[in-house]
Amino acid sequence: MGNNGDGWHTPAVEALRAGPRNQVVDLDTNGTPGFDGDKEFGTKLIEERGSVLSDLQEMLFANGRLGDERSVLLVLQGMDTAGKGGMVRNVIGHVDPQGVDHTAFGVPTPEEKRHHYLWRIHKALPRDGQLGVFDRSHYEDVLVARVRQLVPESVWRRRYDEINRFERDIADSGTTIVKVAMFVSLDEQKERLAERLERRDKHWKYNPSDVDERALWPEYQQAYQDMLDKTNTDHAPWYVVPCDRKWYSRLAVMELLIDAFERLDLDWPEANFDIEAEKKRLAES
Ligand code: ATP
């Protein structure tokens, strides 16, 4: 296998990091960068690694309860059908929901529109000890806002720097940020949309405007590429994840998250009571 037996010959953080090697137009969305195991092995690994993630998240939560101000934020950005919902269910679904601050960002509400675009993002940042998950994010304001010309170019252009500063502040206050850009091919997207039309249980997911967005794919590709180029910082790195194979994309994001948690060097918090004395009290109770 050319790896340590875990299927990865190159760690996901290296194989997927945005950069010249991972350009949007050239991306093999059916690929499995860094991983040379098959679907069966990958699917099994998701379960195994899910319990590792679960323990790490519980440790962060436990420390948060005792005053540790750190948190982790996963940002998921991707075109329709890229699998953001499934990612949340299958990766984040491994951890205790009480430790997760999840927010899906749709079209801004009238109230949100009256505020700066980062207002709603700020309000949704993870609390201390929490794993925050953004299903779409402030990046919509340099993606759909740009492609659909919701604001003039002079406005969206200055947002990249603004977002970098915003994320710098978040990182400085103890949040480890992991940003994931999810890509499917246009053919795979077509199949997934067709399935939504075929199946009664999926009709609710179908949005006629998704077909209009397909026609704008080159514009979106450019917008995604600029986003990656301009906001791929060390304090808030982007990872480019091929998503035609759902099992791979889920395994990859699992690994990216585990890496982020491991870098926190967490341990179970020390008891803030006398253990022996408590054992004695309990036995006598
Ligand atoms: P999804 O496709 O993520 O499952 P959905 O189709 O159910 O979502 P919503 O979650 O209600 O729809 O909203 C997603 C839509 O909101 C997307 O089309 C997205 O481009 C749009 N959107 C999100 N943020 C913004 C924004 N800041 N400005 C304009 N449109 C936005």
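The expected span of a helix is 1.5 Å times one less than its number of residues. This rule is applied below to helix 2 of a predicted model. The model also holds a ligand, and the space taken by that ligand is the largest pocket.

**Helix 2**
- Helix 2 comprises 27 residues, residues 39–65, and should therefore span 39 Å at 1.5 Å a residue.
- Its end C-alpha atoms are 38 Å apart, which agrees with that expectation.
- After helix 2 comes Gly67, which has a positive phi near 105°.

**Surroundings of the ligand**
- The residues around the ligand are Asp80, Lys84, Phe105, Gly106, Val107, Pro108, Arg120, Arg136, Glu140, Asp141, Val144 and Leu150.
- By class, this shell consists of six charged, five nonpolar and one polar residues.

**Polar contacts and cover**
- Arg136 places a polar side-chain atom 2.9 Å from an oxygen atom of the ligand.
- An N or O atom in the side chain of Arg120 lies 3.1 Å from a nitrogen atom of the ligand.
- At Gly106, a polar backbone atom is 3.2 Å from a nitrogen atom of the ligand.
- On its own the ligand has 630 Å² of accessible area, of which the protein covers 65%.

Key: Residues are numbered from 1 along each chain as its sequence is written. This is a predicted model: local features need pLDDT of at least 70, side-chain atom pairs count only at pLDDT 80 or more; totals for chains, interfaces and linings use all residues. Side-chain values use heavy atoms; hydrogens and water are left out. A residue is near a molecule or strand if one of its heavy atoms lies within 4 Å of it. A polar contact is a pair of N or O atoms within 3.5 Å; within protein, one must be able to donate a hydrogen and the other to accept it, and residues adjacent in sequence count only if both atoms are side-chain atoms. Accessible areas come from the Shrake-Rupley method with a 1.4 Å probe; for residues, only the protein chains shown count as cover. On a 1 Å grid over the protein atoms alone, a cavity is a set of points where a 1.4 Å probe fits but cannot get out, and a pocket is an open set with protein on both sides within 12 Å along at least five of seven lines; lining residues have an atom within 4 Å of a point. A molecule sits in a cavity or pocket if more than half of its atoms lie within 2 Å of its grid points. Ala, Val, Leu, Ile, Met, Phe, Trp, Tyr, Cys and Pro count as nonpolar, Asp, Glu, Lys and Arg as charged, and the others, Gly among them, as polar. Helices (H or I, at least four residues) and strands (E, at least two) are DSSP runs, numbered from the N terminus.
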